[in-house]
Amino acid sequence: MNPNLEQAQPTPSAATAGPQRFRHGELVYAAGAPGVAWRVISGSVRLDRPSPDGPMFASLAVPGDVIGAETLMFGAYAFEARALSDCELALWSDGSAKPSGEFLVQMLAATEHRAADVIALRCGQALQRVRRLMLMLTRGSAQEERTASIEMPSLRDMADITDLTAETVSRAISALRKEGVLARKGYRHAALERERLLPAAGEA
């Protein structure tokens, strides 16, 4: 038996169609489990691919993203999903209708866009990788807000996502604090100056 299935909470289903809340670090669903597609309303979700050496980071979902869409075609989740921060998910599809051609094109475009975002998080200078991650985590905040508040992932999660060491991520966060871009608000929360996270003209 897959050990991930044993520790997973009951898989969200159409029978519990209301918003589902998950705490930081909580398993949302396990790879191979049956289920439905969900939209991220708030917070963030880490997706991992199972491997003989343990879960390997595959993608990151933030507000507006859909996770578990593969269940519409295959009936089971391809990835393990875990709450990167406290998050809320809403039922996106109960899986009762087969996806249309237009839907598949839209999902392919969204998947390719997110894949490009994730690749960017793992390329370039360490400080720029962490900047990009912080900017992605502000998604869902009101666009007019100059300062966005986020729940900080653990150093280990940030290191996995950016393909850096925890020590390097810690140094990058310290640099952002010195620049005044990031201000800690307690142990796990931070305020970010969104405009100052954006890359300068000509910057990768």
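At what angle do α4 and helix α6 (residues 166–179) pack, and how far apart are their axes? The legends below take up this pair and its surroundings.

**Overview. The predicted model of the protein has 7 helices and 11 strands.** Helices (H or I, at least four residues) and strands (E, at least two) are DSSP runs, numbered from the N terminus. This is a predicted model, in which local features need pLDDT of at least 70 and side-chain atom pairs count only at pLDDT 80 or more, while totals for chains, interfaces and linings use all residues. Residues are numbered from 1 along each chain as its sequence is written, and side-chain values use heavy atoms, with hydrogens and water left out. Of the 204 residues, 40% count as buried, where buried means under 20% relative accessible area, exposed over 50%, and partly exposed in between (1.4 Å probe, protein chains only).

**View 1. Helices α4 and α6 pack at an angle of about 75 degrees, with their axes 9 Å apart.** Axes are lines fitted to C-alpha atoms, for helices over the stretch in contact, and angles run from 0 to 180 degrees between N-to-C directions. Angles under 35 degrees count as roughly parallel, over 145 as roughly antiparallel, 65 to 115 as roughly perpendicular and the rest as oblique; α4 and α6 are therefore roughly perpendicular to each other. From α4, Ala 126, Leu 127, Val 130, Arg 131 and Met 134 meet Thr 168, Ala 172, Ile 173, Ala 175, Leu 176 and Glu 179 of α6, a contact being heavy atoms within 4.5 Å. The residues of this contact divide into 8 nonpolar, 1 polar and 2 charged, with Ala, Val, Leu, Ile, Met, Phe, Trp, Tyr, Cys and Pro counted as nonpolar, Asp, Glu, Lys and Arg as charged, and the others, Gly among them, as polar.

**View 2. Helix α4 (residues 126–137) and helix α5 (residues 155–162) pack at an angle of about 110 degrees, with their axes 10 Å apart.** That angle makes α4 roughly perpendicular to α5. The contact is formed by Arg 129, Leu 133 and Met 134 on the α4 side, and by Met 158, Ile 161 and Thr 162 on the α5 side. By class, the α4 contact with α5 has 4 nonpolar, 1 polar and 1 charged residues.

**View 3. Helices α5 and α6 pack at an angle of about 100 degrees, with their axes 8 Å apart.** This makes α5 roughly perpendicular to α6. In α5, Leu 155, Met 158, Ala 159 and Thr 162 meet Ala 166, Val 169, Ser 170 and Ile 173 in α6, and the contact has 6 nonpolar, 2 polar and no charged residues. The buried residues of α5 are Asp 157, Met 158, Ala 159, Ile 161 and Thr 162.

**View 4. Asp 163 is found in the loop between α5 and α6.** Although Asp 163 is not a glycine, it has a positive phi of about 60 degrees. Asp 163 is partly exposed, with a relative accessible area of 48%.

**View 5. Glu 193 has its place in strand β11 (residues 189–193).** This glutamate is buried, with a relative accessible area of 19%. Not counting residues up to four places away in sequence, Glu 193 touches Arg 146, Thr 147, Gly 180 and Val 181.
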